[in-house]
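Trainee: I'd like to learn how to read a model like this one. Could you walk me through it?

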Amino acid sequence: MGPQELTPHLFRTEYSKIVAVLCRTFHFRHIEIAADIASETFLKASEYWAQKGVPENPAAWLYTVARNKAKDYLKHTAIFETEIRKGLMHDESWTELDFDFNHQTISDSQLAMIFAACNPVNSSEAQLCLTLQILCGFSLVEISNALLAKQETIKKRLQRARENLRNENFQIKSLSEDEIKTRFEVVLRALYLLFNEGYFSKSNSLLIRKDLCLEAIRLALVLTGNELTDTPEANALLALMCFQSSRLEARTDESGAAVLFDEQDRSLWDQALIQKGNHYLIQASKGTELSKYHLEAAIAYWHTTTADPKKWQHILNLYNELIVVEYSPVTALNRVFAYAKVYGNDNGIREAEKLNLKESGYFHGLLGYLYTGLDSNKALEHYRKAILLTKSEAERKVLEKQVFRLIPIPEKDSRHDGDSFTL
Amino acid sequence: MKEFLLVFKADYNAMPKTPEEMQANTQNWMNWIGGIAAQNKLSDRGNRLDRAGTVVKKGDGIISDGPYTEIKESIMGYTLIKSDSLDEATEIAKGCPIFNFGGEVEVREINVM
């Protein structure tokens with residue numbers, strides 16, 4: 001493997017670690033300085049490795065260079081004199097400062113960085129951008145591709161977000177238990193959004209989607225890997241991510257088009273990830289807490305099973321709970337889907353019609369699905385509305401396929417044995 | 001959006017007794033409450049009320065313990081919903097599973113103090 005292929009992969013995994021450790025160790029107020037040092041380190045690596053070959057332990061090489069660059073930087077700035085030395089008074093010789101990129105330091109630093117990036121002074125969109133940049137090492141182009149937003153928009157959002165952090169007297173430091181408790185919900189939500197951004201991404205690229213999902217899992221693992229944040233909620237979120245990711249390969253075909261749940265090739269489901277999901281779901285069940293992540297993880301769990309005749313009853317009850325905990329149109333529609341699975345499509349239609357979601361493409365897609373086999377004209381009508389309303393190319397293709405199926409002679413058994421609506 | 005209190009009243013003795021009936025009843029309640037939440041009209045799921053209770057009256061303060069077993073319509077629980085009008089709230093109340101057991105629902109608009 002040449003440096004050209006090696007570096008991007010390393011960049012992803014190591015960049016954020018270097019930034020996090022630098023920020024924490026040197027109390028950098030300005031993430032940019034740490035980010036600059038990390039970038040320079042990679043620049044040096046790409047030049048040096050191209051000539052001399054990749055060192056045996058690339059990560060260790062990067063850490064050494066980053067550490068030296070950081071020290072150089074500190075020597076040449078007043079920050080060292082005025083701020084750092086105060087913090088290092090106990091340490092006579094600062095050059096021997098314990099500044100290791102060991103596993104514990106990296107883990108602690110990344111945890112602190114996650115909490116910093118998810119500061120509630122910023123909107124959840126801004127938190128997402130910051131997380132992608134600082135913690136996942138995404139470039140501006142990659143962020144804008146992943147979120148399907150203009151680069152200029154992302155750039156401005158990031159600038160504002162950093163300004164807000166600075167005004168908040170931003171510091172990467174060890175977190176107190178109180179701080180962790182009060183901000184934990186925001187952090188979990190940010191990682192949940194990051195994951196969903198990947199899982200339900202508007203982007204057609206499987207690569208981008210996988211990347212986002214895996215980054216979310218990696219960061220969730222930082223949470224469960226640290227005693228203070230290894231809570232049932234964090235484990236539930238991680239379980240949810242594992243169950244959902246197990247279907248990443250099966251959810252799209254070679255052309256990148258979405259494959260509906262009931263048409264997925266189940267042999268493509270990643271059993272190892274399902275096992276991991278089971279493991280974290282058990283971890284999440286310690287204690288009495290029942291968060292929305294627990295409910296969503298349990299729903300995702302039932303989707304990985306096939307045999308239980310009560311499966312849809314369980315799923316419906318979980319959706320009944322989830323919608324009470326937190327309303328969202330998607331949950332409301334998925335609940336109707338489960339309801340129809342238990343009580344039949346006609347009852348499902350009645351339940352759907354109570355919802356005030358007539359402007360949603362998903363709503364009409366669901367009704368199209370439920371009317372299929374009961375009333376083909378109504379089914380077509382709703383599918384066509386859904387096509388008009390959807391903004392996603394992939395979704396439109398799936399809907400058109402359904403319409404195509406309805407136009408010729410009705411199917412032999414028109415009651416689909418679908419397994420889920422949006423999953 | 002206004003807020004409405006739904007008060008569920010029924011005869012405790014008419015409530016389901018077999019495990020199957022009880023399970024079916026629970027399912028109906030979950031579906032009904034879930035259905036209200038799915039319309040984003042649930043304000044507070046509320047609570048069931050325990051059978052034991054007292055009624056305090058003027059004077060010596062006659063406290064009666066659990067008179068409700070004798071009364072046909074005990075208050076069994078409550079839920080808070082959001083709705084634009086009393087008519088709509090009433091419509092929502094019509095789906096309540098309490099009617100399966102001869103109960104009734106009182107719908108009252110909340111007058112915020």
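Trainee: What percentage of the 113 residues in chain B do buried residues make up?

Mentor: Ground rules come before the number. This is a predicted model, where local features need pLDDT of at least 70 and side-chain atom pairs count only at pLDDT 80 or more, while totals for chains, interfaces and linings use all residues. Residues are numbered from 1 along each chain as its sequence is written, chains are lettered from A and ligands numbered from 1 in the order in which they are written, and side-chain values use heavy atoms, leaving out hydrogens and water. Now, buried means under 20% relative accessible area, exposed means over 50%, and partly exposed is in between (1.4 Å probe, protein chains only). In chain B, 37% of the residues are buried. For chain A, with 423 residues, the figure is 52%.

Trainee: Which helices and strands do the chains have?

Mentor: Helices (H or I, at least four residues) and strands (E, at least two) are DSSP runs, numbered from the N terminus. Chain A comes to 19 helices and zero strands. Chain B has two helices and six strands, in the order β-α-β-β-β-β-α-β along the sequence.

Trainee: Which residues of helix 14 of chain A are buried, and what do they pack against?

Mentor: As a general idea, an α-helix has 3.6 residues a turn, so residues three or four places apart point the same way. The buried residues here include W312(A), I315(A), L316(A), Y319(A) and I323(A). Contact means heavy atoms within 4.5 Å. The buried set packs against helix 13 (292-303) and helix 15 (329-343) of chain A, together with helix 1 (19-38) of chain B.

Trainee: What does E351(A) touch?

Mentor: E351(A) sits in helix 16 (residues 345-353) of chain A and is buried because its relative accessible area is 7%. Leaving aside residues up to four places away in sequence, E351(A) touches R335(A), V336(A) and Y339(A), plus N31(B) and G35(B) from chain B.

Trainee: And C23(A): buried or exposed?

Mentor: Buried, since C23(A) has 0% relative accessibility. C23(A) belongs to helix 1 (residues 3-26) of chain A, and its C-alpha is 6.2 Å from that of A34(A), eleven residues along the chain.

Trainee: How much space lies in the second largest pocket?

Mentor: On a 1 Å grid over the protein atoms alone, a pocket is an open set of points where a 1.4 Å probe fits, with protein on both sides within 12 Å along at least five of seven lines; lining residues have an atom within 4 Å of a point. Volume is the space filled by probe spheres set on the points, which are joined across faces, edges and corners. This pocket has about 760 Å³. Of its 25 lining residues, N25(B), T26(B), W29(B), N47(B) and R48(B) are closest to the centre. Elements giving two or more residues are helix 14 of chain A and, from chain B, helix 1, strand 2 (42-48) and strand 5 (74-83). Helix 1 of chain B gives the most, with six residues.
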